[in-house]
Amino acid sequence: MSVRDRSGRDTSVEAESRALGLNIGWTVFSYLLSGMAAYGLIGWLIGRAVRVEILFPVGMLVGLAISLGFVIWRFGKRGITREETSR
Amino acid sequence: MTGALAAAAGGGCHIFSGCGFPAPGLQDFIWTPFFTIGQFQFTKPMLLAILSALVVIGFFWAAFRKPKLIPGRTQSLGEMAILAVRDQILRPSLGRKGDSYLPFLVSLFFFIYIMNVMELIPVFQFPVTSRIGFVWPMVFTVYFLYLYLGFMHQGAWGYLRNMIPAGVPWPIYIILVPVELLRFFIFQPFTLGVRLFGNMFAGHLLLTIFTLATWYLLSLSVGLLYAVGSFALAIFVFVLETLVTLLQAFIFTTLTATYIASSVEPAH
């Protein structure tokens, strides 16, 4: 049985936590991919300019580390609020 | 039809008959066209996509063409379907003010669901969404919709600024900008589409493998035992796929609702 607040938002715990979990799960996955891709690309471009090929995988690892750190900061340390899902 | 399915449909390919296992693969997702007009080829997945759209349109037309205060069977079913999407998908993300998106989300959910469920219906037995070309148009529709809504409700600068949560120190902002831009504009829609495609593709492949293996192993030999095992697995995957078809439509629509919510509500 769903319960609605004054704005009409469904506050049914089940439905809400399901939407929350789905969104956060795929946001985290997207962060990990985009971190690697963004800094991998930057590493590849710099590596191409200075002729140091290793900068491409190094960039990807740096991107992964940045993404992981941010994911932990955003979804772990501070706890998860409803507002986090609407970003 | 091409590939392993066509080979198996030929008949006599069984174990110990000198015939190797006709392993399914990518070729089983490629269909010989029903007809061709110039460069355009009309294939089975296209026919199934059109049928799916007609099923959704036909059902809701039949349910609501003459709505009554005391609903009949079809109208009751239609109302239940709409209320399920509203209460389980729309309201948890958008609240009551998001009710204007209900027709879009209902159409999206049932269109995807029927396209997925084609996999389990004899004769059709092919999930349309396992061809990624049918998934991208839906992803792009959702993508351009939430971008448009975001720019409309928050303004271009506000929308871009709100991508990064408040409270991040400014040096971290600079580090996060490329990650956030890539995530928001590329990987968010990419994962939305690839997940649906990947799940349906893999499910269909599994179902094909176990069905073909059952047929291949069927013989008056020890293969019969394995055929029974393979048949049991085919049934298991079939049951699993009945859930996956629904789940994938649900996930796609739920994420669409959350993306719309992130566009219409300024970030907190």
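Across the interface of chain A and chain B, three residue pairs are in polar contact, both residues at pLDDT 80 or more; such a contact is a pair of N or O atoms within 3.5 Å, where within protein one must be able to donate a hydrogen and the other to accept it, and residues adjacent in sequence count only if both atoms are side-chain atoms. This is a predicted model, in which local features need pLDDT of at least 70 and side-chain atom pairs count only at pLDDT 80 or more, while totals for chains, interfaces and linings use all residues. Residues are numbered from 1 along each chain as its sequence is written, and side-chain values use heavy atoms.

Let's look at chain A's side of the meeting. Helices α1, α2 and α3 of chain A each supply at least two residues to the side that touches chain B, helices being DSSP runs (H or I, at least four residues). α1(A) gives the largest share, 18 residues.

| Helix of chain A | Residues spanned |
|---|---|
| α1 | 13–50 |
| α2 | 55–77 |
| α3 | 82–85 |

What area is buried between chain A and chain B? The answer is about 3000 Å², with 65% from carbon and sulfur atoms; buried area is the accessible area (1.4 Å probe) that two parts lose on being put together, summed over both. The contact (heavy atoms within 4.5 Å) takes 32 residues from chain A and 38 residues from chain B.

Definitions and conventions:
Chains are lettered from A and ligands numbered from 1 in the order in which they are written.
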